[in-house]
Amino acid sequence: MIQLNYSAEVTKARDTDTPLVALESTIITHGMPYPQNLEVARQVETDVRAAGATPATIAVIDGTLHIGLEDAQLEALAQAQNVAKLSRADMAACIATGGTGATTVAATMIAAHLAGIHVFATGGIGGVHKGAQETFDISADLMELAQTPVTVVAAGAKAILDIPKTLEILETQGVPVIAYAQDTLPAFWSATSDLAAPLRMDDAKTIARAHVTRRALGLPGGQLVANPIPQADEIPAATLAPIIAQAQSQADAQGITGKGVTPFLLQRIFELTEGRSLTANIALVRNNARLAARIAGALNMID
Ligand code: PSU
Ligand code: MN
């Protein structure tokens with residue numbers, strides 16, 4: 001088995017059977033600019049603690065897979081330039097070569113599962129990109145949800161993606177997509193969309209029970225909980241649509257492909273909204289961290 005390095009706080013939580021919530025690090029290195037990324041990373045950890053769980057931010061540092069980062073490590077990662085973005089395909093190579101990398105949703109799920117952590121909070125998951133019929137750009141996050149038993153709390157998929165196609169892939173792969181306390185699928189910066197959510201659950205306990213039942217059925221894979229952004233923080237879809245279209249056409253014109261696509265679009269949208277996208281992003285990640293902590297707590301009671 002791979003050697004895992006647990007932070008002091010996570011070690012204590014494991015010893016005392018305190019619920020744990022995994023957090024990804026690509027959102028820190030590739031999803032937000034410094035210094036807001038560091039502030040948000042710390043704030044989200046604080047939110048998890050306030051809701052009764054222990055945060056475990058996951059990253060590979062100098063070839064070691066860390067489950068929970070000490071504050072100095074978090075700070076170094078937030079400031080580091082050219083950190084690798086690690087998905088399922090990249091993790092082993094990074095560890096084997098002594099590299100440093102931030103984990104995406106897919107890689108964070110793998111690490112969380114290795115560490116026995118069942119719940120993970122993030123902002124948005126990767127999905128099927130617009131134009132995927134040409135580019136085949138479909139995030140490995142979707143296939144990970146189909147095979148690794150972690151419940152992922154996100155704010156739905158971002159409108160930079162083709163959300164109907166993303167839902168189709170998730171359905172094909174047998175991934176439960178559960179809207180939290182509403183009938184429609186939330187769309188990241190917007191609390192609602194015109195898409196019906198495949199499933200709806202109204203409390204953390206039910207989500208925890210569904211997690212355990214999936215395992216009892218012998219089904220591999222996790223579940224995606226789509227938690228709407230608080231209404232006070234949302235940006236209307238109509239405001240964002242032209243901005244997303246502009247960012248996308250710039251990505252196409254500059255020939256951005258592969259791993260570069262999502263970070264490029266996020267950065268351009270941040271610039272084009274003059275930071276408003278980031279404010280909303282922060283609000284929704286914090287909201288997801290709080291719900292994830294409650295699910296982890298409920299899971300701890302029944303598991
Ligand atoms: N979507 C966001 N913010 C993010 C990401 C996605 O709204 O920070 C990051 C996550 O780490 C996600 C990854 O797992 O991008 C997906 O990248 P790709 O599309 O290359 O699989
Ligand atoms: Mn991709």
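This is a predicted model: local features need pLDDT of at least 70, side-chain atom pairs count only at pLDDT 80 or more; totals for chains, interfaces and linings use all residues.
The protein is divided into domain 1, which covers residues 1–117, and domain 2, which covers residues 122–303. The centres of domain 1 and domain 2, taken over C-alpha atoms, are separated by 19 Å, and 31 residues of domain 1 are in contact with 30 residues of domain 2. Between domain 1 and domain 2 an area of about 2,500 Å² is buried, with carbon and sulfur atoms giving 68% of that area. On the side of domain 1, the residues that lose the most area to domain 2 are Lys85, Val105 and Met109, which together make up 23% of what that side buries.

The polar part of this interface can be described through its pairs. There are 3 salt bridges between domain 1 and domain 2, and 8 residue pairs, both members at pLDDT 80 or more, are in polar contact between domain 1 and domain 2. The elements that give two or more residues to the side of domain 1 that touches domain 2 are strand S2 (20–23), helix H3 (36–50) and helix H6 (105–114). A salt bridge is formed by Arg88 and Glu144, whose closest N and O atoms are 2.7 Å apart.

## Helix H8 and its surroundings

Glu144 is also one of the buried residues of helix H8 (residues 140–147), where Asp141, Leu142, Leu145 and Ala146 are buried as well. The cover over the buried residues of H8 includes H6, strand S8 (151–154), H9 and strand S11 (223–226). At the start of H8, a side-chain oxygen of Ser139 comes to within 3.0 Å of the backbone nitrogen of Asp141.

## Thr166 in helix H9

Thr166 has its place in helix H9, which spans residues 163–172. Because its relative accessibility is 3%, and buried means under 20%, Thr166 counts as buried. The side chain of Thr166 reaches the backbone oxygen of Asp162 at a distance of 2.8 Å. Residues up to four places away in sequence being left out, Thr166 touches Gly127, Val128, Leu142 and Leu161; of these, Leu142 is among the buried residues of H8.

Helix H12 (residues 261–272) consists of 12 residues and reaches 16 Å from its first C-alpha to its last, close to the 16 Å expected at 1.5 Å a residue. In H12 the buried residues are Val261, Pro263, Phe264, Leu265, Leu266, Arg268 and Ile269, and they pack against strand S5 (84–86), helix H11 (237–253) and helix H13 (276–302). Just after H12, Glu274 takes a positive phi of about 50 degrees.

Thr262, which also lies in helix H12, has a relative accessibility of 27% and therefore counts as partly exposed. Its neighbours within four places in sequence being set aside, Thr262 is in contact with Lys85, His129 and Ile160, and its side chain makes a polar contact of 3.3 Å with the side chain of His129. Thr262 and Asn82 are 180 residues apart in sequence, while their C-alpha atoms are 15 Å apart in space.

## Backbone geometry in the loops

Most residues other than glycine have a negative phi, and most peptide bonds are trans. Against that background, Asp62 has a phi near 50 degrees, a positive value in a residue other than glycine, and with a relative accessibility of 59% Asp62 counts as exposed. Phe136 likewise has a positive phi, of about 60 degrees, although it is not a glycine. Phe136 is found in the loop between helix H7 (132–135) and H8, and because its relative accessible area is 69%, where exposed means over 50%, Phe136 is exposed.

A cis peptide bond, with omega at about 5 degrees, joins Tyr34 and Pro35. Pro35 lies in the loop between helix H2 (26–29) and H3, and H3 is one of the elements that give two or more residues to the side of domain 1 that touches domain 2.

Note on methods
Residues are numbered from 1 along each chain as its sequence is written. Chains are lettered from A and ligands numbered from 1 in the order in which they are written. Side-chain values use heavy atoms; hydrogens and water are left out. Helices (H or I, at least four residues) and strands (E, at least two) are DSSP runs, numbered from the N terminus. The expected span of a helix is 1.5 Å times one less than its number of residues. Buried means under 20% relative accessible area, exposed over 50%, partly exposed in between (1.4 Å probe, protein chains only). Contact means heavy atoms within 4.5 Å. A polar contact is a pair of N or O atoms within 3.5 Å; within protein, one must be able to donate a hydrogen and the other to accept it, and residues adjacent in sequence count only if both atoms are side-chain atoms. Domain bounds come from an automatic or database domain assignment. Buried area is the accessible area (1.4 Å probe) that two parts lose on being put together, summed over both. A salt bridge is a side-chain nitrogen of Lys or Arg within 4 Å of a carboxyl oxygen of Asp or Glu.
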